[in-house]
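This briefing concerns a predicted model.

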Amino acid sequence: MTLIAPEQIQRTLANPSLQQAIYASTGRLVEKRRAAVAAEALPDYQELREQARLIKQHTLENLDHYLEQLESNVRAHGGEVIWCRDGADVVEFLAGLAGRKQARLIVKSKSMTTEEIDLNERLQHHDLETLETDLGEYIIQLAREKPYHIVAPALHMTRYEVAEIFSRRLGVASETVPENQTKIARAVLREKFLAADIGVSGANFLVADSGAVVLVENEGNARLSTTLPKVHVALAGIEKVIPRAQDLAVLLKLLGRSATGQALTVYTSILSGPRRAGEIDGPDEFYLVLLDNGRARLLADREKRESLSCIRCGACLNHCPVYRKIGGHSYPWVYSGPIGAIITPQFQGTTSNPWLPFASSLCGACAEVCPVKIDIPKLLLMLRSEVTKAGQREGRNRLERLGFRLWAWIMRHPRLYEMSGMLASALTPEENGGWLGRVPALLNRGPLKAWLSHRDLPPVASKSFRQRWRARRKAGGA
Amino acid sequence: MSRDHILHKVRTALGRSAGRPPAPAPPPRLRVEEMDAEARIAALFAALEKLAGKTFRAASRDEARSYAASLVDGKTAVASNAPLLAECGITSLAGVRSGFFDRDELKAACAAADVGITGADYALADTGTLFMLSSRHEARMISLLPPVHLAVVSKEKILTGLDELLTLVPIPSEVTSSMVLITGPSRTADIEQILVRGVHGPGEIHVVVV
């Protein structure tokens, strides 16, 4: 199995200003969360986490029941539920809907699920303009990039890069003050909101007993997307359902605090169906698109099922020493960080990115901060074991197994062990501040080269413990 | 059909059969603390001010109207159909338009107005949150499109927090198609984590308790 990760990682590591940007931004989010869940701010934090875990586990164990309950309640309030197996189903539905409504412009609020199925790119092929309206997502869309972080999509960009993107794509004069940049985006997007035919949102939660979609945000773009256009389409993975609106008392308290350190985000919308008789505004039509896209398959394994409990707060990314070095674009899919490392192999197949579950020090920070207590390190270990087994089936890892067999054999023969120690000592180059610094050219090749490229070893001692012990006894000491 | 296909896959993965009731769900966890009316107002104002919200305690409806008048002062405003606003005399202030029941007319008015004036069905003391149900009294756009939002809340509508709210409104969809919790002015930190207020929603929020 190859452990060589994509070149993007090398590029990220070699870019000091990017390193600084990632480290500073995630660091601020870490501090905000820490203050928000501290005992004096939220004394029952641990109880809430446990309750959140139980709610999510219970829902997943009975998912078919809650999906049916959700569907019947959405219908009872005049909405429609569209079940989609994959992204192609979603595109087919949306393109058809846009055709019937003669719609051209779709405004979108932030949704990782739409990123997962490349919705924007695919709708372009149907001559539909889909516009991201969350400021970070808008910048990313203008830059033609992918979100860098589940919660903060433009986390890696400086205001100067934003200025450059705005001048290039919007034709405005260079503006480097974030407050003014925000004003530019507000003005451009406000016109679009007022003209849009369809609003597409994601969903943070789907509430079975209310037939409701819950949207959490700070900017107001999700409210605008779901209020102004005459059609609202909410897209969500089937795992987003929770049994009762009352469970929001637990989940909302955890989501905002874990993501950005807010007790509640600025806006929380609870939407069930189109506007009703007597209501002055809101959409005339409401569609809830329920997406499988591989989720049902994940349910089969009782332990791995846990990864569907994720509420996408991004705390595991901010706390991950690996994410903070390699950044969001080094991961093979839209879900980055520790949660991405466990979700991606399960969605795309263990062998598609075999290095991914290994890109972790298993320090456990992710599990410690997860608001729904997903045991990410345990799942990483399970996935590692799957990668290794798959490699063995395909006859790979032969060299590695041979190496371990040789090692075991030497370890069982003291003489050989001693001789190999002497050999290693003889071959060790001069030490450099207590470390090897470099390895003999003979060793510096193949998988060993990759392994040593970011690691160092202390030099082998010139005399082994056994040699020194013998010398001491001979000298007539103890 | 995708629906049956997906439900079948889910049931197979879980080893469940159609129509089987679920095991009992963990009981809801709602904790409502005791708090007197004065403490609620104090907590609400403290939380709002921390979020850069402006607060005002009106001893009378006239005082609420004066606050609104000085805020609107020469600018344009749209007020919702909340009875409290009319009772305070806010809807008849110069520059304030109210009584919208048509969506398109309301949209045009809100898109041009400097201030949106609403009531609030409840306020949450611990987080400084306004809670609004969509109805013929309250439209969604008024608290959303204009750059300044003024909400007038009556004193007895202040709840301790989310838990008390969800005790009173256990199934939101029975009441309305849309409810929103508003906690402070619209904000973003998407560029270099620098806080900017008033991205898409109002950048300024005023809460008057009558």
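Helix α5 of chain A comprises 15 residues, 87-101. From the first C-alpha to the last, α5(A) reaches 21 Å, close to the 21 Å expected at 1.5 Å a residue.

**Faces and surroundings of helix α5(A)**

- The buried residues of α5(A) are Val90(A), Val91(A), Leu94(A), Leu97(A) and Ala98(A).
- Viewed down the axis of α5(A), these buried residues fall within an arc of 135°, and therefore they line one face of the helix.
- Ala88(A), Gly96(A), Gly99(A) and Arg100(A), on the other side of α5(A), are exposed.
- The cover over the buried residues of α5(A) includes the strands β1, β4, β7 and β10 (285-291) of chain A, together with helix α7 (119-124) of chain A.
- Gln102(A) follows α5(A) and has a positive phi, near 50°.

**The open sheet**

- Six strands of chain A form an open sheet with parallel pairing, in the order β1-β10-β7-β4-β2-β3.
- The edges are held by β1 (80-84) and β3 (129-132) of chain A; each has a single partner strand, so one side of each is left without a neighbour in the sheet.
- On average, and with direction ignored, neighbouring strands of this sheet are turned by 25° against each other.

**Strand β4(A) and its partners**

- Strand β4 of chain A covers residues 198-201 and pairs in the parallel sense with strand β7 of chain A, residues 231-237, over four bridges.
- Strand β2 of chain A, residues 105-108, also pairs with β4(A) in the parallel sense, here over three bridges.

**Helix α22(A)**

- Helix α22 of chain A, residues 465-474, is hardly covered: among its 10 residues, the count of buried residues is zero.

Notes. Residues numbered from 1 in each chain as written. Chains lettered and ligands numbered in written order. Predicted model: local features only at pLDDT ≥ 70, side-chain atom pairs only at ≥ 80, totals over all residues. Pairing = 2+ DSSP bridges. Helix = DSSP H or I, 4+ residues; strand = E, 2+ residues; numbered from the N terminus. Axes fitted to C-alpha atoms, helices over the stretch in contact; angles between N-to-C directions. Buried ≥ 20, exposed ≤ 12 C-beta atoms within 10 Å, placed from the backbone. Expected span 1.5 Å × (residues − 1). Arc of directions from axis to C-beta. Contact = placed C-beta atoms within 7 Å.
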